[in-house]
Amino acid sequence: MSRGRTVLVAEAAEELPPAPEAAREVFGDRFPEVVRYAELLADVGVTRGLIGPREVPRLWERHLLNCAVLSEAVAEGVTVCDVGSGAGLPGIPLALTRPDLQITLLEPLLRRTNFLQEVVELLGLDHVTVVRGRAEEVLGKLQPVHVVTARAVAPLDRLAGWGVPLLRPYGEMLALKGDTAEEELRSARAALSKLGVVETSVLQVGEGIVDPPSTVVRVEVGESPGGVRFAAKRAKAARKGPRRRR
């Protein structure tokens, strides 16, 4: 690493603000672990290019709490796949607030999966599994899940094409979005219908914790997640038997 880059990273780590009181309320007993995670993001997360140095001062409100409040929309005891997990957002904050969930962090890039595995082991997240791969590559290799989560991965129509086929029948995808949520949903309706989506809604979560509240697009599927084409692909994968997981 160049001297300039080293200084920039050091400065970024120094700019991590103290955890707000809301973080103690949201994370409860796992508060020390989320502080450690924040420190990692501000340090090696910047070094490895997982987050930008300018994000460090707003790490708590914009990233950690913004993701943690997604737990308000997730039912108890379900299985979750966090698609395009990146630095672990929203999957890691969700795991720290919800030990009742079984969470898979799905990420195609090796440097990111290495970081995620290190975080999972360091924080003792026994209910979290890291899988390297793209959503379309693991179809038929991973067990279908109740919930797919995603944040800042792609526009909704493209994201749904990756995430919805990973769902079990009557599952749902929860996508953290910004001000464009309603517009993206309108634009994606035709594509969502072809993917077996039967109901959509836009939720606000985290009121009183984050300002503004986090916006979540909820996409619910019926009997055939992903539509006819993906149902056939899943059936073909099932006939071939279990495959080695990455």
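## Overall composition

How many helices and strands make up the secondary structure of the protein chain? In this predicted model, the protein chain contains 11 helices and seven strands. Of the 246 residues in the protein chain, 50% are buried, and the chain exposes about 12100 Å², of which carbon and sulfur atoms supply 48%.

The contact pattern can also be described by separation along the sequence. When contacts in the protein chain between residues at least 6 apart in sequence are considered, 69% of them join residues at least 24 apart.

## Helix α3 against helix α5

Helix α3, which spans residues 31-42, packs with helix α5, residues 59-68, at an angle of about 120 degrees, and the axes of the two helices are 12 Å apart. Angles over 145 degrees count as roughly antiparallel and those from 65 to 115 as roughly perpendicular, and α3 and α5 are therefore oblique to each other. The crossing in which α3 passes α5 is right-handed.

On the α3 side, the contact is made by V34, V35, Y37, A38, L41 and A42, and on the α5 side by L59, W60 and L64. Sorted by class, the residues of this contact of α3 with α5 comprise nine nonpolar, no polar and no charged.

## Helix α3 against helix α7

Helix α3 also has a crossing with helix α7, residues 110-123, where the axes come within 10 Å and cross at roughly 150 degrees. With over 145 degrees counting as roughly antiparallel, this angle makes α3 roughly antiparallel to α7. As α3 passes α7, the crossing is right-handed.

Here E33, R36, Y37, L40 and L41 of α3 meet F115, V119, L122 and L123 of α7. The classes in the contact of α3 with α7 are seven nonpolar, no polar and two charged residues. Y37 and L41 of α3 take part in the contact with α5, and Y37 and L41 are also among the α3 residues that meet α7.

E55 lies in the loop between α4, residues 44-47, and α5, whereas S71 is placed in the loop between α5 and β1, residues 79-83.

Is E55 buried or exposed? The relative accessibility of E55 is 17%, so E55 counts as buried, the cut-off for this class being under 20%. Leaving aside neighbours within four places in sequence, E55 is in contact with R62 and H63. The C-alpha atoms of E55 and L16 are 9.2 Å apart in space, although these two residues are separated by 39 residues in sequence.

S71 is likewise buried, with a relative accessible area of 17%. Apart from neighbours within four places in sequence, the residues in contact with S71 are L94, T97 and R98.

## Backbone geometry

Most residues other than glycine have a negative phi, and most peptide bonds are trans. Against that background, which residues does a cis peptide bond with omega of about 10 degrees join? The bond joins L89 and P90, and P90 is found in the loop between β1 and α6, residues 91-97. A cis peptide bond with omega of about 5 degrees joins D211 and P212, and P212 has its place in the loop between β6 and β7.

Y170, which is not a glycine, has a positive phi of about 65 degrees. This residue is placed in strand β5, residues 167-177, and Y170 is exposed, with a relative accessible area of 58%.

## The loop between β6 and β7

P213 lies in the loop between β6, residues 197-205, and β7, residues 214-221, and the loop between β6 and β7 is also the place of P212. The relative accessible area of P213 is 26%, and P213 is therefore partly exposed, a class that covers values between the limit of 20% for buried and that of 50% for exposed.

Once neighbours within four places in sequence are left aside, P213 is in contact with Q204, V205, G206 and E207. In terms of distance between C-alpha atoms, P213 and G178 are 9.9 Å apart in space, while the two residues are 35 residues apart in sequence.

Conventions. Residues numbered from 1 in each chain as written. Predicted model: local features only at pLDDT ≥ 70, side-chain atom pairs only at ≥ 80, totals over all residues. Heavy atoms only, no water. Axes fitted to C-alpha atoms, helices over the stretch in contact; angles between N-to-C directions. Helix = DSSP H or I, 4+ residues; strand = E, 2+ residues; numbered from the N terminus. Parallel < 35°, antiparallel > 145°, perpendicular 65-115°, else oblique. Left-handed = near helix turned anticlockwise from the far one by under 90°. Contact = heavy atoms within 4.5 Å. Nonpolar A, V, L, I, M, F, W, Y, C, P; charged D, E, K, R; others polar. Buried < 20%, exposed > 50% of the residue type's maximum accessible area, 1.4 Å probe, protein only. Areas by Shrake-Rupley, 256 points an atom, 1.4 Å probe, with all protein chains shown as cover.
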